[in-house]
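Subject: Handover of a structure and findings

Dear colleague,

Please find below the structure that I am handing over to you. My notes on it follow directly after it.

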Amino acid sequence: MSESCREVLVRNCSMEEVVQKIQEGCPLWKVRGVNKWYQRHFKVDIDNMCLVGESKKWWSPGGGVGSEGAENAVPLVEITEIREGWKTDTFNKVSSHTEKLKEKGGGGAADEPVLEENKCFSVIHGQGGRDVLDLVASTEEERDAWVTGLSHLVQSVKALHEEKQYDVWLRKQFEEADKDNNGSLNFNECCALLKQLNIKMDKIHAKKLFNQANTSKQKRDGEQVLEVEEFVAFYHALLKMPEIEKLYKKYCSEKTGLMSADQLCAFLHKEQGLTDYDHSQATKLMNEFEISNLKDQGYMTQDGFYHILLSDMFDVFNCNHQNEIHQDMTQPLSSYFIDSSHNTYLTGHQLAGESSVEGYISALKRGCRLLELDLWDGDDGEPIIYHGHTLTSKITLADVLRDGIKLYAFEASPYPVILSIENHLSLEQQRTMVKLMKDILGDMLATDPVPDDITTLPSPEALKNKVIIRAKKPKGSEVEDDDEDDDDQDSIDYIDSDDGAAQSKKDFFTPHLLTLYRSFKSSKRRKQSSTKKRRMSQPQKAHKPLAPELRQIVNVLEGKKFLNFQDAFETYKCVNTPSIGETKAKGLFESYPDDFLKFTEGHVTKVYPLGTRTDSSNLKPYPFWSVGCQIVALNMQTEDKANFYNDALFKSNANCGYVLKPDILLKKEPYSPSELSEKYTKVIRVTILSGQHLPNSAKKGDIVDPYVQVKVRGHPLDKQKQRTKVVKNNGFNPVWNETLELRIKVPHVSLIYFSLRDESSLARDPVLALCCIPFNSLTTGYRFVHLTDLGGKSLAPSALFVHISISDN
């Protein structure tokens, strides 16, 4: 790592001693389970920006994986949180086990430390914060040093300017290529690295730029070599894009080859549609992005112009929408799409996966506002959460409330969190549940009753920092059994693909899971048969008793069984919210789209996935959004298109978990989803100009043959896709310069979906990278499409350079 980056990490003088201490490291206990304790030496490797742990035989190198798993080398940039005390699933289990041993007069193993909360901390890391490293220090002071030092370093790394991060990435590539650690690379080594980075160039041109970059004229074994800073300059020289050069020359001075603030203003007005930008704002932009001293004279170079275009300001996804809550948050709850999870506690499979508090924490940190609590009687008199009648593990409600919801409910967003209760509890444990909620959540819990004559739901603004309990609460003293499905769902669709591809049970399941699935389905059929017989023999269906204490805390959103739209229009109050299974919801959407839209104008409606999606796959959310459905519950632990679309939608209001529905879904403008007119039609013209630093194909492992596909998803009649030609053998700087035209009838419920693919003759063309933008957040003019993988992880510096225009015809 360069000295400048090292200084950024430890710039705070008061931190130097702490950082030095954790750089030297010390023994810590790594806890992986009740009887799984390992003492290892941990330290921070600042050169490689990693927390590393000593395995039995060796120190894992920076960025590598040790013999005991990825936790042996955790990049600082991937650490999302440092937690003090017992606030993870593992610590909760171990502390509970320790307490039981104490009650019996026993103790832990002689070689294990005494488990004390003030000596424990956890490192949360990985994509979405899904990985956990639980550690125990020898003393509280030692624990505090680790927590303070690591927190400082993690924040410092994330605070680096985007350009610095880009250069840090380049330096890392350089250091990994420098096999003999002599701090330099010769021309052949540089070319090998460039090929690794998906860059294929004419060697004569590359040699010329190499010689220009070698300002120190250093040699090794008679050959010229580049040091790391020179390599960064060499790489940036290769980065020049003809399209941007042409654009720059169009607006800069012919005489000086430089751009003034007024010329930058002209570009912003004519090409980007930013007509409100004036001379002073353009000057501010130049000062921020121009590196040379020419900015002091009021000029900007082509490099400065390039970095302006690469900035968030010119992201194809409106950066203000991503960074600011810009929508009106004072409308009724029914006026918003709500970021929602299904079986939030699960981290994997629906039949045999792990239940975890981390599921709730991860969902909340990404902005999710509706969480599901599947509650059952616990053996110790306290409610537990798990997927009933399956082999999923169990967690306690108390742990979820204390370590998950209380601490993280409003970390990502101040707007209300909805706890959707599936109540399988006895009366006694219902009372225990309510007591736990009141004791742990305190003032966060919304307990004020709503008026009997309420006609409009309160707004997200009015319910800021409140936790709402959603559960069934019919008239009388009893409630319907919450484990009864609203509709029978026997069909299976394991793959959420746009072309409707499906996979059979036999192909998907392992023999063990197939047996488990058949047992599960057999049990479900017996139960459904028993329920039918009971219905036929009884004049009224049996109900489960509802504790008065639970009734008191269910107010803003009351679950109510959905029969049909006619019944709902006649009997539902605004607080009544149905849960409709995927199969029934799809039928309603296809047969009665206008009634579906009319109903969701005033009632929060939830659609949940097929019970047979045991692999935790998801339904497509956008058809239901197109008729105003507020809650489309997704298995958030699954990296798939459904979650990718969901993340794109909610990113459009700064990931606060609530997105205001467009006027056509709120009765503010005439609209019928079954009778589309040309009134709202828009034509989007997307010119795919070029790409840069495209990722390699995992299947081919070679220079890619890329092409770009652009899709529209939203109203079913707007489903379409177009693609560019293939550019052969170029993942570094492919040029397409090809315009794709998309005619969209209902743009305000549409998502624009870019996918970068690699042409393959051997198999289906693999997807290399993605980007998805709601139509209302799509920006026009010259823009960069910053690419990610399916899980939303940035693939920077991979990007597409495009021009977007939108017209009425």
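A charge is taken to sit over a ring if NZ of Lys or CZ of Arg is within 6 Å of the ring centre and within 35 degrees of the ring normal. By that criterion, Lys394 lies over the face of Tyr386, 4.7 Å from the ring centre. Lys207 likewise lies over the face of Phe187, at 4.7 Å from the ring centre.

Please note that this is a predicted model, in which local features need pLDDT of at least 70 and side-chain atom pairs count only at pLDDT 80 or more, while totals for chains, interfaces and linings use all residues. Residues are numbered from 1 along each chain as its sequence is written, and side-chain values use heavy atoms, with hydrogens and water left out.

Confidence

The predictor's confidence in each residue is given as pLDDT, from 0 to 100. The chain has a mean pLDDT of 84, and 82% of its residues reach 70 or more. Over residues 57–71, however, the pLDDT is below 50, and this stretch has 31 contacts in the model beyond near neighbours in sequence; contact means heavy atoms within 4.5 Å. Residues 481–510 also stay under 50, and for them the model has 87 contacts beyond four places in sequence. Where pLDDT is low, the predicted coordinates should not be read in detail.

The surroundings of Ser355

Tyr386 and Lys394 are both among the residues that Ser355 touches, as are Tyr345, Leu346, Ile385, Thr392, Ser393 and Ile395, leaving aside residues up to four places away in sequence. Ser355 is located in the loop between strand E13 (336–338) and helix H14 (357–365); helices (H or I, at least four residues) and strands (E, at least two) are DSSP runs, numbered from the N terminus. With a relative accessible area of 3%, Ser355 is buried (buried means under 20% relative accessible area, exposed over 50%, partly exposed in between, with a 1.4 Å probe and protein chains only). Its side chain reaches the backbone oxygen of Ser393 at 2.5 Å.

Helix H11

Helix H11 (residues 279–289) has buried residues at Ala282, Leu285, Met286 and Phe289. Seen down the axis of H11, these fall within an arc of 100°, so they line one face of the helix; the arc is that of the directions from the helix axis to the C-beta atoms. Lys284 and Glu288 are exposed on the other side of H11. The buried residues of H11 pack against strand E11 (259–260), helix H10 (261–270), strand E12 (299–300) and helix H12 (302–310).

Aromatic pairs

Rings of Phe, Tyr and Trp (its six-membered ring) pair if their centres lie within 6.5 Å; planes under 30 degrees apart count as stacked, over 60 as edge-to-face and the rest as tilted. The count by this rule is 28 aromatic pairs. One of them, Phe174 with Phe231, is tilted, at 5.6 Å centre to centre and 45° between the planes. This pair links distant parts of the chain, with Phe174 in helix H5 and Phe231 in helix H8 (residues 228–238), 57 residues apart. Phe174 is buried at 2% relative accessibility, and Phe231 is buried at 0%. Ring pairs also join Phe562, Phe565, Phe569, Tyr572, Phe596 and Phe599 into a cluster.

Backbone

Asn181 has a positive phi of about 55° although it is not a glycine. Asn181 is in the loop between helix H5 (162–177) and strand E8 (185–186), and is exposed at 65% relative accessibility.

Yours sincerely

Terms used
A polar contact is a pair of N or O atoms within 3.5 Å; within protein, one must be able to donate a hydrogen and the other to accept it, and residues adjacent in sequence count only if both atoms are side-chain atoms.
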